[in-house]
Amino acid sequence: MIEIPEDLNPRLVPLAFLLGTWQGAGVADFPGEEASNFGQQVTFSHDGRDFVEFTARSWRLDDAGQRTTPLETEHGFWRIDDSRQVEAVLVRDQGVVEVWYGELAEGKPQIDLATDAIARTEASPPYSGGKRLYGYVNGDLMWVGEKATPEVPLRPYMSAHLKKAVDPREWIDDIKDLPDDGIAFFR
């Protein structure tokens, strides 16, 4: 169920489905890079202003599903206008800054984005553009990313299936109702 926080800026209501912390796993595969399964945590938050703050961290997973090495970290800000046009500015740990534009689909919680501008540091890997599709499907957040380099045309490189993480602070009010011994609860 999509909840709309009371203090959410009215402009951001169409993006409310993104809010929260999401965790899950996906696959990464791109020519010239090591293919891997990865774990990911993505947080979309707000502070009452007219943007959603975005943070994503991913890490490689071994065959047992355990974290091994960091894969990618992103941070940015998303906005939406009255005509459902979405813009995002993202910074990646690899030395890349991107401006993305796209649109919130009509009648469903789905956002399709494409890069409009890219700035890279000298040390960053080759990169010339990307596309992303985010969707809220049966209570989960799913996304697929495509990227292009000067040597490789636009193609899928990462996708993930994320579930909403539960914040234990949300349970704090319920703790008062638990029995002191913990056993009586099960009787």
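Guide: Strand 2 and strand 3 pair in the antiparallel sense over nine bridges, where strands are DSSP runs marked E of at least two residues, numbered from the N terminus, and two strands pair if DSSP finds at least two bridges between them. This is a predicted model, in which local features need pLDDT of at least 70 and side-chain atom pairs count only at pLDDT 80 or more, while totals for chains, interfaces and linings use all residues. Residues are numbered from 1 along each chain as its sequence is written, and side-chain values use heavy atoms, with hydrogens and water left out.

Within this pairing, Thr43 has Thr55 of strand 3 as its bridge partner. The two strands form a hairpin with six residues between them, and in the turn Gly48 has a positive phi of about 100°. Strand 2 (residues 36-45) also pairs with strand 1 (residues 20-28), again in the antiparallel sense and over nine bridges, and here Gln40 of strand 2 is the bridge partner of Gly24.

Leaving aside residues up to four places away in sequence, Ser58 touches Phe38, Gly39, Gln40, Pro70, Leu71, Glu72 and Met158, a contact being heavy atoms within 4.5 Å. Gln40, which Ser58 touches, is the residue already met as the bridge partner of Gly24.

The wider setting comes next. The protein has one helix and 10 strands, a helix being a DSSP run of H or I with at least four residues, and along the sequence they follow the pattern β-β-β-β-β-β-β-β-β-β-α. Of its 187 residues, 36% count as buried. The largest nonpolar core has 37 residues, and among those with the most contacts inside it are Phe44, Phe54 and Ile111; such a core is a set of buried Ala, Val, Leu, Ile, Met, Phe, Trp, Tyr and Cys residues joined through side-chain atoms within 4.5 Å. Strand 10 (residues 155-164) gives the most to this core, with four residues.

Notes
Buried < 20%, exposed > 50% of the residue type's maximum accessible area, 1.4 Å probe, protein only.
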